[in-house]
Amino acid sequence: MADFTPTAEAAPPTSVERGSPAPRWRTAAAGAQRGSRALRVRVSAGLVAVVVLTVLLVPLFFPLDEQAVHLADKLRAPSLDHPFGTDDVGRDLLLRCVYGLRVSLLVGVVAALAATVIGTAVGALAGAVGGWTDRVVMRLVDVFSSVPHLLLGIFIVAMFQPGVWPVVISVALTHWLSTARIVRAELLSLRSRPYVEAAISGGASRLRVTVRHLLPAVLPQAGLAAVLMVPHAIWHESALSFLGLGLPSHKASLGAMVQSARSSLLAGDWWPTLFPGLLIIIPTLAIAGLAGAWRERINPRRRSELTL
Amino acid sequence: MTRTRRPGLPWLPMARLVGRRVLFAVPVLFCVTFGVFAIAAASPFDPVKAYAGTAGLTASQENLDQLRANLGADDPFTVRWWDWLTSAVTGDLGDSSSLRQPVAEVIAERIGWSTLLCAVAFTLAVLGGTVLGVLAARRRGGLFDRAITFVCYTLEAAPPFWLGLLAVWLFALKLDALPAGGLTDTASEVATAGQVTHHLILPAAVLAVSQLPWFVLYVRQGVGDAMDEDPVRGARARGLSERTVLFGHALRSGLLPVLTLVGSRVPELITGALLIETVFSWPGIASATVEAATSVDFPLLAALTVLATVAVLAGNLLSDLLYGLADPRVGFDG
C-alpha cells in the first residue's frame with residue numbers, strides 16, 4: 001500500500017550531507033539531480049494548479065446531468081468527441097472524471113485537515129503535558145496503529161453505513177497517528193530550546209508556552225503532514241468506494257467510477273477503468289512532488305528523496 | 001587462518017523480547033476489541049436486525065424480542081464486550097450473520113488461501129524489490145535509477161484494485177493467458193494444485209507489484225547510502241573489484257537493516273490483500289472481511305479485525321527480532 005505519510009520511525013535511512021568533496025562524476029550527477037528536481041517541482045506545481053482550476057472551473061460551465069442516458073452512445077471508445085470515451089449508459093467520461101476528481105479531492109482535503117487537527121491536538125497534548133499523559137496517549141497511538149488503516153476504515157464505514165461523512169470520519173480517524181507522532185517529537189525537541197526555557201522562567205503558564213511558543217514552531221511540520229496526507233486520504237477514499245463502502249453512486253468519486261466500470265471491463269472495454277485510475281495517480285504524484293520540495297526546505301539537513 | 005567459532009543465536013534475550021511482546025499484546029487486544037464494540041454501540045447498527053436478516057421483516061415482534069434477549073442486545077456494550085471476550089478465549093467467536101456459520105469455521109476455511117496468496121506475493125516483492133533496488137543504487141542518479149524511481153512512485157500512487165483490473169483486462173481478456181479470478185475453474189469441484197497455481201499467478205503478481213515500490217525505494221536508499229560510507233570507500237581505495245565492493249561491503253551494511261523491516265509491512269500487505277482478493281474473488285479471509293462489511297456482519301468483522309491486529313503485532317515482533325539479530329548493537333530491549 002502506498003504510505004504517503006512521513007512517519008518518524010519509518011523514514012528511510014537518509015544521507016546526511018558530508019563535508020568531504022564528492023568525486024567529480026558524483027557532483028555532476030548531483031547537479032543533474034538538482035536540475036531534474038527543480039523541473040519536478042515546477043511540473044508538480046503546474047499539475048496541482050491545473051487540477052485545482054479544473055475541478056473549480058469546469059463545473060461552472062459544464063453541469064453534469066447524472067440522470068442523462070444516451071444509450072445510442074454507450075461505451076464509445078475514446079475519440080475527439082469524447083476524449084475519455086463514454087460509459088455504459090453513454091455519459092461522457094471526461095466530464096464524469098472531472099466531477100469524480102472533484103468529489104475525491106474534496107473528501108481527501110477535508111479528511112486530511114480533520115486528521116491533522118486531531119493529530120496535532122493529540123501530539124501537542126502528549127508533548128506539552130508529558131509524564132503519564134504522554135505515556136498513556138502514546139500507548140493509545142500504538143494501539144491504534146496496530147490495526148491496519150483500511151480495515152479500521154472499513155469497519156467504521158460498515159457500522160455507520162456508507163456515505164460522505166462516515167468515509168471522511170473513517171479516513172480522519174485512521175490517519176492522525178503519524179501527525180501526532182511528528183508533532184510530539186517536535187515539541188519534545190523544542191522544549192529544551194533557550195527561548196522556551198526563557199518563557200518558562202519568565203513565569204509563562206504551560207498553556208501559554210504551548211500555544212504561543214511551541215505550536216507555532218511545529219505548524220510547518222503539521223502543515224507538511226497535512227499536505228502529504230491529502231493523497232493518502234484520496235487513496236483510502238477510493239479504496240473504500242471501490243469496495244462499495246464509500247460514497248453513494250450519485251456522488252461518484254474516482255474509486256466508485258472504477259467500481260461501476262468493472263462490468264464494462266470484463267466485457268473488454270478498458271477506458272471506463274483506465275481514466276479514473278490515472279486521475280488518482282496524477283494528483284498524488286503532483287502533491288507528493290510539491291511536498292517533497294517543501295520538506296527539503298524545512299529540513300534542509302535531511303536531503304532525503306521524497307518518500308511517498 | 002583460524003576461524004573463530006560463531007556464537008549461537010542469543011536465545012535468551014530473544015525469548016525475553018517475545019515474552020514482553022506477548023504481554024504487551026494482551027492490553028492492545030483488550031483495547032482494540034473494546035474499541036470495536038464501542039464503535040458498534042455508537043453506530044446505528046442493530047444486532048437483532050443483522051442477525052435476523054430478511055427473515056426479520058416477516059418475524060413476529062415476539063420472536064424478535066426473544067432474539068433480542070438471546071443476543072443480549074439490550075445490555076450495555078461493555079457487558080456484550082466482556083461476554084464476547086470470555087467466550088472468544090475459549091475459541092467461540094460467535095456466528096457470522098451473513099455466512100450463517102461459526103466465525104471460527106469461516107476463518108479456518110479461508111485463512112490458508114489468504115496466507116498462500118500473501119506469502120507468495122510478499123516473497124516476490126522482497127526478491128524483486130531487492131534486485132531492482134540494488135541495481136538502482138549501483139549508480140544513483142543514472143538513467144536506470146531515475147526510470148525505476150519514477151515507475152515506483154507511480155506504482156505506489158496507483159490503487160491496487162485498479163492495477164488488478166487492468167491486469168485482468170490484459171492477461172485474462174486480451175491475451176487469454178490466465179484466469180480472471182476465483183480459485184479453480186468453474187467446472188471443477190476439487191482444488192487441484194495445478195489449478196490453484198494457475199489461478200494464483202495473477203493476484204499474487206498484482207499484490208507483489210503493489211508492494212514492490214516500497215522495497216525498491218528503501219533498498220535503493222539503504223544500499224545507496226552504504227555506497228557513500230567509509231568502509232565502501234576504503235574498499236574502493238584498496239582497488240577491490242566493483243563486484244566485491246557491492247556484494248561484500250555495501251550490501252552487508254545497506255541491505256540487512258532494510259530487510260529486517262519486512263515484518264512492519266504487514267498492515268500494507270493486509271490492505272493490499274483486502275483489495276486484491278476482492279478484485280480476483282479469491283476465497284480468502286480478506287475478501288470475507290469485505291463481504292462481512294457490506295452485509296454489516298458484526299461478529300465476523302470484529303473477529304477479523306482482531307485477527308489482523310494479531311498479525312500486525314506478530315509482524316512487528318518479527319521485525320524487531322530480525323533487527324536485533326542483524327545489528328547486535330540494537331539488542332532485544334525494545
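## Contacts of A:I154 and the nonpolar core

In this predicted model, A:I154 contacts residues of both chains once neighbours within four places in sequence are set aside: A:L240, A:L243 and A:L245 in chain A, and B:T289, B:V290 and B:A293 in chain B. A:I154 and A:F155 are the residues that touch the most other members of the largest nonpolar core, which has 161 residues. Helix α9 of chain B (residues 193–227) supplies the largest share of this core, with 18 residues.

## The contact between chains A and B

Chain A gives 46 residues to the contact and chain B gives 48. On the side of chain A that touches chain B, the elements giving two or more residues are α1 (24–61), α4 (149–160), α8 (206–242), α10 (262–266) and α11 (271–298). Of that side, α4(A) holds the largest share, 9 residues. By residue class, the side of chain A that touches chain B has 32 nonpolar, 11 polar and 3 charged residues.

## Two residues with positive phi

A:Q161 is a residue other than glycine with a positive phi, near 65°. A:Q161 sits in the loop between α4 and α5 (164–175) of chain A. Because A:Q161 has 12 C-beta neighbours inside 10 Å, it counts as exposed.

B:V296, also not a glycine, has a positive phi near 50°. The loop that holds B:V296 runs between α13 (285–294) and α14 (298–326) of chain B. B:V296 has 21 C-beta neighbours inside 10 Å and therefore counts as buried.

## Helix α5 of chain B

Helix α5 of chain B (residues 77–89) has 13 residues, so at 1.5 Å a residue it should span 18 Å; the C-alpha atoms at its ends are 18 Å apart, in agreement. After α5(B) comes B:G91, with a positive phi near 95°.

## Confidence in chain A

The mean pLDDT of chain A is 80, and 84% of the residues score at least 70. Among the elements of chain A, the lowest mean, 77, belongs to α1(A), and the highest, 90, to helix α2 (residues 93–129). Residues 1–21 of chain A have pLDDT below 50, and this stretch makes 50 contacts in the model beyond near neighbours in sequence.

Residues 303–308 of chain A also stay under 50 in pLDDT, and the model has 21 contacts for them beyond four places in sequence. Where pLDDT is low, predicted coordinates should not be read in detail.

Technical notes: Residues are numbered from 1 along each chain as its sequence is written. Chains are lettered from A and ligands numbered from 1 in the order in which they are written. This is a predicted model: local features need pLDDT of at least 70, side-chain atom pairs count only at pLDDT 80 or more; totals for chains, interfaces and linings use all residues. A nonpolar core is a set of buried Ala, Val, Leu, Ile, Met, Phe, Trp, Tyr and Cys residues joined through C-beta atoms within 7 Å. A residue is buried if 20 or more other C-beta atoms lie within 10 Å of its own, exposed if 12 or fewer, and partly exposed in between; C-beta atoms are placed from the backbone. Helices (H or I, at least four residues) and strands (E, at least two) are DSSP runs, numbered from the N terminus. Two residues are in contact if their C-beta atoms, placed from the backbone, lie within 7 Å. Ala, Val, Leu, Ile, Met, Phe, Trp, Tyr, Cys and Pro count as nonpolar, Asp, Glu, Lys and Arg as charged, and the others, Gly among them, as polar. pLDDT is the predictor's confidence in each residue, from 0 to 100. The expected span of a helix is 1.5 Å times one less than its number of residues.
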